[in-house]
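Hi there,

Here is the structure I promised to pass on.

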Amino acid sequence: MADTLNAAWAEAWLRNSAAVVAEHRKELIDLDRAIGDADHGENLDRGFSAVVQKLDESNPETPGACFKLAAMTLMSKVGGAAGPLFGTAYLRAGTTVGESTELDSPLLAQALAAARDGIVARGKAEVGDKTMIDAWTPAVDAATEAAEAGAGPADVLEAAAVAAQQGAESTDPLVARKGRASYLAERSAGHRDPGAASSALLLRAAADAAAAAGNGAGEAGASGA
Amino acid sequence: MSVGLLIISHSAKIAEGVCELAAQMAADVVLVPAGGTDDGGIGTSFEKVQSGIEKADTGDGVLILTDLGSAVMTAESALEFLEDAQRNRVRMQPDVPLVEGAIAAAVAAQTGVTLEAVVQGAQSAQTGAPAGGTQGEAASAEPAIAPSGSAEQPAEPSESAIALSPEPAGGAGGVESASGDVELINPMGLHARPAAVTAQELTGMDADITINGVDAKSVMLLMTLGLKQGQTLHVAATGPDARKAVDFVTGQAADGFGEL
C-alpha cells in the first residue's frame, strides 16, 4: 500500500463522488422529501457534475488544488445548504494540505478534521442535531485514531468511511435540531438525515479511490472513473 | 455615496421584489438583489452573492440581508473570500425580517448615515414593539407639555390642532426639549411613506425624538404604531434640535404629509 496519496487520488475521489451521487440521486431526494425540501440529491448531482466538468477543463496539479476547485464549484452550483457546507469543507481541507503533492496519513486526518470544522463553523451544528456532522465527527475521530496508530492513508480513509456510514445510520431515530428538518421537530425522527447520508457516500468514495490507488493503480487512480 | 444593500433570497423574485419595494423609499441607495441559483432555480448562488457584494460596495459599506438559513451560509462563504479591507465594511444581519429589515435599512442608508447606523436601522425591524427605554422617555416627556414655572411663553395652541410647548434650556446643560400634539388628517394616516419621510428627516437632527413613545427615527417603529386618520401624534424631543424636530413633525402632519 502506498504511504501517501496524490492529486490523482484527489481527482479520482471527486469523480467517484460524482458517480455515487448520481447513482444515489433518487435515494437522497427521497430522504430529503421526507424531512426537507426534496432537493438534496438533485443539488448535489448538479454540483458534482459541474465539478467533473471543471476537472475535464483544467488539470489541478495538487490535492489542494483539486479540493479548492471542488469548493468553488460546489458553492456556486449546488444552491441549497449543501453548497456552502461541502464547499467550506473542501476549502478548509484544501487550505490544510496547502501545496503538498503527497498526503500522508497524519495530514489526511488533519484535512478531514479541518473539513469537519469548516462545516461546523458554517452550519453551527453539533453531534446529535441530526445533520451531516453526525457522519463527519465519527469519521474524523476514526481517521485520527487510525493515523495515530500508524495506518496507511487508504486504511485511514476506510476507517473514516465505515464510521461515517454508522454515523449516518445513527441519525435515523434523532429529532432534527438544525436546518430545514428542524421545522418538523418530532416528525423528523424515523428518517435518515440526507446530509449525513451523502457525507457517508462522499467519504466512501474517498476510501474507494484510495484503495484503487493502493492496488497498483498508482498514477492511474485518476482514470478509475 | 451611501451604504449599499445586498438582498439574498432563495427566490430571484423575492430578492428583486424586496429591492423594488425598498427603492421606493430610498431612491439613491444601491440595492442589489441576489436571488435564486445560477440557472434560475430556487436556492442561493455563491457567484451571484459574490458579484452582488462588488456591486453593492460603494466604498461606504454593504449590509447583507438574507432569507432562510443556507442564504446566510452562502453569504458567509463569500465573505471568507474577501480581502480584509473589504470584509471590514461588509455586515450581515441574518435575524431580521427580510422585507421590514430591508426597508428600514434602505431608509437609513438614504440619509447617508454610517454602516453601523444602517445596521441599527435593520435591527429596528426586529422589534415589533418599542423598546423599554423609549416608553420611559415618553412618560418623562409628559411634563414638558406643562413645564413647571419656567416657561416664558406658555403653551399656546394655534388655530390648527397643533399644540407646541417649547421648554427653554433646563439650566446648566443647555439641553432643549420640546413637545407637541397634532392630529393626523391625511386619510392614510402614518403609513409607510410619511413614516419614511419623517424618520429620514429626523435622523439628520441632533435630538432624541419620540412619537407616541417610539423612536421617531425608526421607520419600522413608526409604522408599527399603526396610527390612522383622526388619531393624535404626541411628539416629544430633547436635544439641540428638539424644537426643530417637533416643528417638522407637527408641520408635516398638519399638512397631511402633502397627501391632501
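**What I found**

In this predicted model, helix α3 (residues 69–80) of chain B lies across β1, β3 and β4 of chain B, and it runs at about 160° to β4(B). Angles run from 0 to 180 degrees between N-to-C directions, with axes being lines fitted to C-alpha atoms, for helices over the stretch in contact. Helices (H or I, at least four residues) and strands (E, at least two) are DSSP runs, numbered from the N terminus. Helix α6 (residues 115–124) of chain B also packs on the sheet, touching β1, β3 and β4 of chain B (contact: heavy atoms within 4.5 Å), and its direction makes about 20° with that of β3(B).

The sheet itself is open, with four parallel strands of chain B in the order β2-β1-β3-β4; two strands pair if DSSP finds at least two bridges between them. β2 (31–35) and β4 (90–92) of chain B each have a single partner strand, so one side of each has no neighbour in the sheet. Between β1 (residues 4–9) and β3 (residues 62–66) of chain B there are five bridges, and B:Leu5 has B:Leu63 as its bridge partner in β3(B).

Now for confidence in chain A: the mean pLDDT (the predictor's confidence in each residue, from 0 to 100) is 92, and 95% of residues reach 70 or more. Residues 217–225 of chain A stay under 50. Where pLDDT is low, the predicted coordinates should not be read in detail.

On conventions, residues are numbered from 1 along each chain as its sequence is written, while chains are lettered from A and ligands numbered from 1 in the order in which they are written. Local features need pLDDT of at least 70, side-chain atom pairs count only at pLDDT 80 or more, totals for chains, interfaces and linings use all residues, and side-chain values use heavy atoms, with hydrogens and water left out.

Best wishes
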